[in-house]
Amino acid sequence: MTTLEMLAVLGAGLAAGILTATVGVASLISFPVLLAVGLPPVVANASNTVGLVAAGVSGSFGYRRELREHPRITWTVVITCAVGAIGGAALLLALPSEVFEAVVPWLILFTCLLVGVQPWIARWLRSRGGQDLGPRTRMGPVTTFFALLTGVYGGYFGAGSGVMMVAVLGLGLDIDLRVVNALKTLAIFAGNVVAGRIFVVVADLDWRAIALLASGSVVGGYVGARLGRRLPPTLFRVLVVIAGVVAAVLLLR
């Protein structure tokens, strides 16, 4: 890479770190930049996953107060996404990229719709459950299953996985969106750690790109957590939907 290309990857890492801890579409920035500087798709994807582990570290640290509010949920998210990411990483190495290119944009658009209408769906579910139904502060089997599937997708490709996790947790739990945002950041981190360890052993990686991404994203993740904590719930929801739609449109091109 030239000096200009290295600066571009460093800047992409910074932006991706901020997006990791806010709207959850980090790969919308970093993955295309890695392709633009000449990395093959699978190498770029695997390197991107390893490089953005740093964003998850700093972002989760920035959200440490929110992550302590519901420890049972926090650990469930970590375990399900980590286990799912193992399967996702294996799929990435075994299947051609064309397998997900046709499906992923529509999946992201669908989860954007769920994020947008989540308040109305939650009210409807509560009305169906009766007035005595208390707040859902534990992940039930259905929510856990879809969190696991999101972990699989995160290890497989990752673009928009944060949007999907916001939809899953927002529909399955009655907790503040700032906590959902923190859990989403932790989920991305857990998936990247597990998939990244697999990629280090069996995949082709570009370590210079990884170092540049990590250097930028470790700063961006902490900055993003500071910003994400202050986002009003409605604005956060709108930004997640916009980011998800943009990601889906770019992937459809």
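Predicted model: local features only at pLDDT ≥ 70, side-chain atom pairs only at ≥ 80, totals over all residues.
H4 spans residues 53–62 and H11 residues 177–202; their axes come within 8 Å and cross at roughly 145° (axes are lines fitted to C-alpha atoms over the stretch in contact, with angles from 0 to 180 degrees between N-to-C directions). The crossing of H4 and H11 is left-handed (the near helix is turned anticlockwise from the far one by less than a right angle; clockwise is right-handed).

Residues are numbered from 1 along each chain as its sequence is written. Local features need pLDDT of at least 70 and side-chain atom pairs 80 or more, while totals for chains, interfaces and linings use all residues, and side-chain values use heavy atoms, without hydrogens and water.

H11 also packs against H10, at an angle of about 135° and with the axes 9 Å apart. The H10 and H11 crossing is right-handed. From H10, Ser 161, Gly 162, Met 165, Val 166 and Leu 169 take part, and from H11, Val 180, Leu 183, Lys 184, Ala 187 and Ile 188. Seven of the residues in the contact of H10 with H11 are nonpolar, two polar and one charged.

A further pair is formed by H2 (residues 27–36) and H3 (residues 41–51), with an angle of about 135° and axes 9 Å apart. H2 and H3 are therefore oblique to each other, and H2 passes H3 in a right-handed crossing. Ser 27, Ser 30, Phe 31, Leu 34 and Leu 35 of H2 meet Pro 41, Ala 44, Asn 45 and Asn 48 of H3. The contact of H2 with H3 contains five nonpolar, four polar and no charged residues.

The largest pocket holds about 490 Å³ of space (on a 1 Å grid, an open set of points for a 1.4 Å probe, with protein on both sides within 12 Å along at least five of seven lines; lining residues have an atom within 4 Å of a point; the volume is that filled by the probe spheres). Leu 114, Phe 146, Ala 167, Val 168 and Leu 171 are the closest to its centre among 21 lining residues. H8 (104–129), H9 (141–156) and H10 (161–172) each supply at least two lining residues, and H9 gives the most, with eight. The lining of the largest pocket has 16 nonpolar, four polar and one charged residues.

Key:
Helix = DSSP H or I, 4+ residues; strand = E, 2+ residues; numbered from the N terminus. Nonpolar A, V, L, I, M, F, W, Y, C, P; charged D, E, K, R; others polar. Parallel < 35°, antiparallel > 145°, perpendicular 65-115°, else oblique. Contact = heavy atoms within 4.5 Å.
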